[in-house]
Amino acid sequence: MSDSVNVSIIYYSATGTVHALAQAAVEGAEKAGAQVRLRKVPETTPQEVINLRQEWVQHLADTADVELASHDDLEWADVVLFGTPTRFGNPASQLRVFMESTGPLWFQGKLAGKVYSAFTASNTAHGGQESTLLALGNTFYHWGGIIVPPGYTDPIQLIQFQSGNPYGSSHVAGAGAPGEVQLQAARHQARRTVEIAGALKAGRAAA
C-alpha cells in the first residue's frame, strides 16, 4: 500500500539540527516504502550575519548539494513534512517565505487533501516548540490538508516517555546534536504519515 506514497520533506536549518531530524524522517519514510524527496528552502540571511557563526558557514557548505524546494515538490507529494527551528515561538522566516509563495497552488486546490506534519528544534527547553508546530498547522488548515501528528503512538513516547511532544518531533539544540531518541521520534513520525497517506490513497482508489 505505502510503496506508491510520495513524500516531500522540506526544511530550513541554519546549523544542522533540523537537517539531522529531516534526514531521520527520510529514513523512516523510506523504510515504510515511500518515494522521498529531501529539499531545503533558500537561505535568506545576509552573508555577513552568517559569517559570525562558523557552524552556520560550515553547515551551508556541508549541505550545498541538497536541492532547493520547489512548488513541484508540493504537487508531487502525497505527504509533506516541514521542518524548522523555532524563532520566538514561530517558524523560521526562510520557511515562511517558501510557504507564502504557494498561493497559486492553493488557489487551484493543489494543496488540499494531502497529509501534512511538522518537526522543529529550539535552543532551550520550552523555547517555543509547540507554538511553532501549531503555527504551521494554521497554514495546513488553510490549504485543506490532513494533519497527522505523532501523538503518543510510539513506545518511545507512550511507554518510555523519552520524547513527549505529541505535536511533532522536536529537539532542544542547546543540549547538543539530536540523539537516538529524537531521531527515532522523527523516523516514527515519518512512518506514521506514510501509513496514513497510504490508507487514504487506497480508500480513494476503492471509492
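**Group meeting: a walk through one predicted chain**

Let's start at lysine 110. Setting aside neighbours within four places in sequence, lysine 110 is in contact with Glu75 and Leu105. Contact here means heavy atoms within 4.5 Å. Polar contacts come in too. One of 3.3 Å joins the side chains of lysine 110 and glutamate 75. Another, also of 3.3 Å, joins the side chains of lysine 110 and glutamine 108. A polar contact is a pair of N or O atoms within 3.5 Å; within protein, one must be able to donate a hydrogen and the other to accept it, and residues adjacent in sequence count only if both atoms are side-chain atoms. Glutamate 75 and lysine 110 sit 35 residues apart in sequence, yet their C-alpha atoms are 6.4 Å apart.

Where is lysine 110? In the loop between α6 and β5. Helices (H or I, at least four residues) and strands (E, at least two) are DSSP runs, numbered from the N terminus. Lysine 110 is partly exposed, at 33% relative accessible area. The cut-offs: buried is under 20% relative accessible area, exposed is over 50%, and partly exposed is in between, with a 1.4 Å probe and protein chains only.

A word on the model. It is predicted: local features need pLDDT of at least 70, side-chain atom pairs count only at pLDDT 80 or more, and totals for chains, interfaces and linings use all residues. Residues are numbered from 1 along each chain as its sequence is written, and side-chain values use heavy atoms, with hydrogens and water left out.

Now the whole chain. The protein chain has 9 helices and 7 strands. Its radius of gyration is 16 Å, close to the 17 Å that the globule rule gives for 207 residues, so the chain is as compact as a globular protein of that length. That radius is taken over C-alpha atoms, and the rule is 2.2 Å times the number of residues to the power 0.38. Along the principal axes, the C-alpha atoms fill a box of roughly 55 × 45 × 30 Å.

How much of the chain is buried? Buried residues make up 50% of the 207 residues. Take the contacts with a separation of 6 or more: 77% of them are between residues 24 or more positions apart. As for charge, there are 14 positive and 18 negative side chains, and the centres of the two sets lie 5 Å apart. Lys and Arg count as positive, Asp and Glu as negative; His and the chain ends are not counted. Each charge is placed at NZ of Lys, CZ of Arg, CG of Asp or CD of Glu.

Next, some buried spots. Glycine 83 lies in strand β3. Its relative accessible area is 0%, so glycine 83 is buried.

Asparagine 6 belongs to strand β1, residues 6-11. At 16% relative accessibility, asparagine 6 is buried as well. A polar atom of its side chain lies 3.2 Å from the backbone oxygen of tryptophan 76. Beyond four places in sequence, the residues touching asparagine 6 include Gln35 and Val79.

Threonine 102 sits in the loop between α5 (93-99) and α6 (103-107). It is a loop residue, and it is buried at 1% relative accessibility. Which residues does threonine 102 contact, leaving aside neighbours within four places? His71, Leu74, Leu111 and Trp143.

Alanine 20 is partly exposed, at 22%. It touches Pro178 and Leu183, not counting residues up to four places away. Lysine 31 is in helix α1 too, and at 70% relative accessible area lysine 31 is exposed.

Most residues other than glycine have a negative phi. Phenylalanine 88 has a positive phi of about 55°, although it is not a glycine. Its place is the loop between β3 (79-87) and β4 (90-91), and its relative accessible area of 84% makes it exposed. Histidine 126 also has a positive phi, about 60°. Histidine 126 lies in the loop between β5 (115-122) and α7 (129-143), exposed at 83%.
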